[in-house]
Amino acid sequence: MRFILPVGLIATTLAIAPVRFDREKVIRVKPQDEKQANIIKDLAKTNEFDFWYPDAIHYVAANVTVDFRVSEKESQSIQSALDNKMHYKILIHDLQEEIEKQFDVKDIPSRHSYAKYNNWEKIVAWTEKMVAKHPEMISRIKIGSTIEDNPLYVLKIGKGDKRRKFVFMDCGIHAQEWVSPAFCQWFVYQATKTYGKDKIMTKLLDQMNFYVLPVFNVDGYIWSWTKNCMWRKNRSKNKNSKCIGTDLNRNFNASWNSFPDTKNPCKETYKGPTPESEKETKAVIDFIRSHLKSIKVYITFHSYSQMLLFPYGYTSKLPPNHKDLAKVAKIATDVLSTQYETRYIYGPIKSTIYPISSSSSDWAYDLGIKYTFAFELRDKGKFGFLLAESQIKPTCKETMLAVKFIAKYILKHTS
């Protein structure tokens, strides 16, 4: 089960019992017009909806698929309200059951595994092991710390000097998206394992450095393992509010104040009191700025939806190199599909998924990194954030193909 506490965390979390989700449901609906969209919005105002997709009520509109989590009691009244008004589907009938079924890969519980989800203590130990095993290729850099004083580690992977082209990749900006950190660990493992054997990876590591942040939102990730597996934000305290946390992907200075739904500290998409207010955001921003001349591509990994996105999210305006970004995204998604025929769609954030302000992708692009991409990994909503462990390896293998293509393209086409 998800809520077994790592030994080192027991003392700090013992006082709070883990949240359970017995008989809670995830419902999918697709309003066909604004009248139906308003029905969903009205229901959300009088019931406690946890929006899975899109991530806030503001984005609910005609012809937009909406996935949301509700309690068993609320689901009955909501289904009654939707009956005869619009079609809906129950994706998950008992959320707690799905949480427990998620762990379907057998392995030694205490051991780090690329086929399983790993808690923070295992990931930290894994970073140490990778550096010790490949000292000529990997180094670990502490770029900052969290509000709870956990370290933010970046792994630098490569075989050359400081004058090379850099790729910056981050995972786990939203705590409940566990398949995202799983991919970053897989990438580091496969990069080192295939160096000298795979021609493309060997060339990439000989001529580029990869900076990989395995877990962006460390405090939130720990909380999702120990207390609430649906937790999204970080764990910072908010002034004049009992609600905890900021959405780190709404905390970047990229049209920061443009969406009203991000101003409430109790909402999942709360943007924070000021741009770059969070220690995690500031650490990543400072690191990227200090390496800006060399970083040619920024890639961030999320779940779920099976999409490859690029700027912008805060405006319908297309970036100057839109055609090039679309070309790279198209080929990358085509390459990805060759492994298991997994289909991704691609395009600008706003028109492909939904409008979003203050995201890391838009910020990185506006800073000057002209190749910025956001992956939304498996699946399309059947399990959503509860992707089974048996799907980790297939997800990572196909995503690896796309990332290698993007890096290869950048190596060839940037100065």
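This is a predicted model: local features need pLDDT of at least 70, side-chain atom pairs count only at pLDDT 80 or more; totals for chains, interfaces and linings use all residues.

User: Is Ser75 buried or exposed?

Analyst: Buried means under 20% relative accessible area, exposed over 50%, and partly exposed in between (1.4 Å probe, protein chains only). Ser75 counts as buried because its relative accessibility is 0%.

User: Which residues does Ser75 touch, and what does its side chain reach?

Analyst: Contact means heavy atoms within 4.5 Å. Not counting residues up to four places away in sequence, Ser75 touches Lys25, Ile27 and Val70. A polar contact is a pair of N or O atoms within 3.5 Å; within protein, one must be able to donate a hydrogen and the other to accept it, and residues adjacent in sequence count only if both atoms are side-chain atoms. The Ser75 side chain reaches the backbone oxygen of Glu72 at 2.7 Å.

User: How does one read a lysine such as Lys116?

Analyst: Lys116 is found in the loop between helix H4 (95-101) and helix H5 (120-133). With a relative accessible area of 15%, Lys116 is buried. Its side chain reaches the backbone oxygen of Val105 at 2.8 Å and is joined to the side chain of Glu389 by a polar contact of 2.7 Å. Beyond its neighbours within four places in sequence, the contacts of Lys116 are Val105, Asp107, Glu389 and Ile392.

User: What separates the C-alpha atoms of Val66 and Lys30?

Analyst: Although 36 residues apart along the chain, these two C-alpha atoms are separated by 6.0 Å. Val66 belongs to strand E3 and is buried, at 0% relative accessible area. Leaving aside neighbours within four places in sequence, its contacts include Ile27, Val29, Phe51 and Tyr53.

User: How many residues form the largest nonpolar core?

Analyst: A nonpolar core is a set of buried Ala, Val, Leu, Ile, Met, Phe, Trp, Tyr and Cys residues joined through side-chain atoms within 4.5 Å. The largest has 88 residues, and Phe168, Phe183 and Ile406 are among those with the most contacts inside it. Helix H13 (residues 392-413) gives the most to this core, eleven residues. Apart from it lies another core, of 23 residues, including Trp52 and Phe385.

User: Which residues are closest to the centre of the largest pocket, and what is the volume of the largest cavity?

Analyst: On a 1 Å grid over the protein atoms alone, a cavity is a set of points where a 1.4 Å probe fits but cannot get out, and a pocket is an open set with protein on both sides within 12 Å along at least five of seven lines; lining residues have an atom within 4 Å of a point. Grid points are joined across faces, edges and corners, and a volume is the space filled by probe spheres set on the points. The largest pocket has a volume of about 640 Å³. Of its 25 lining residues, Glu48, Phe49, Asp50, Cys266 and Glu268 are the closest to its centre. The largest cavity has a volume of about 240 Å³, and Asn249 and His302 are among the lining residues closest to its centre.

Definitions and conventions: Residues are numbered from 1 along each chain as its sequence is written. Side-chain values use heavy atoms; hydrogens and water are left out. Helices (H or I, at least four residues) and strands (E, at least two) are DSSP runs, numbered from the N terminus.
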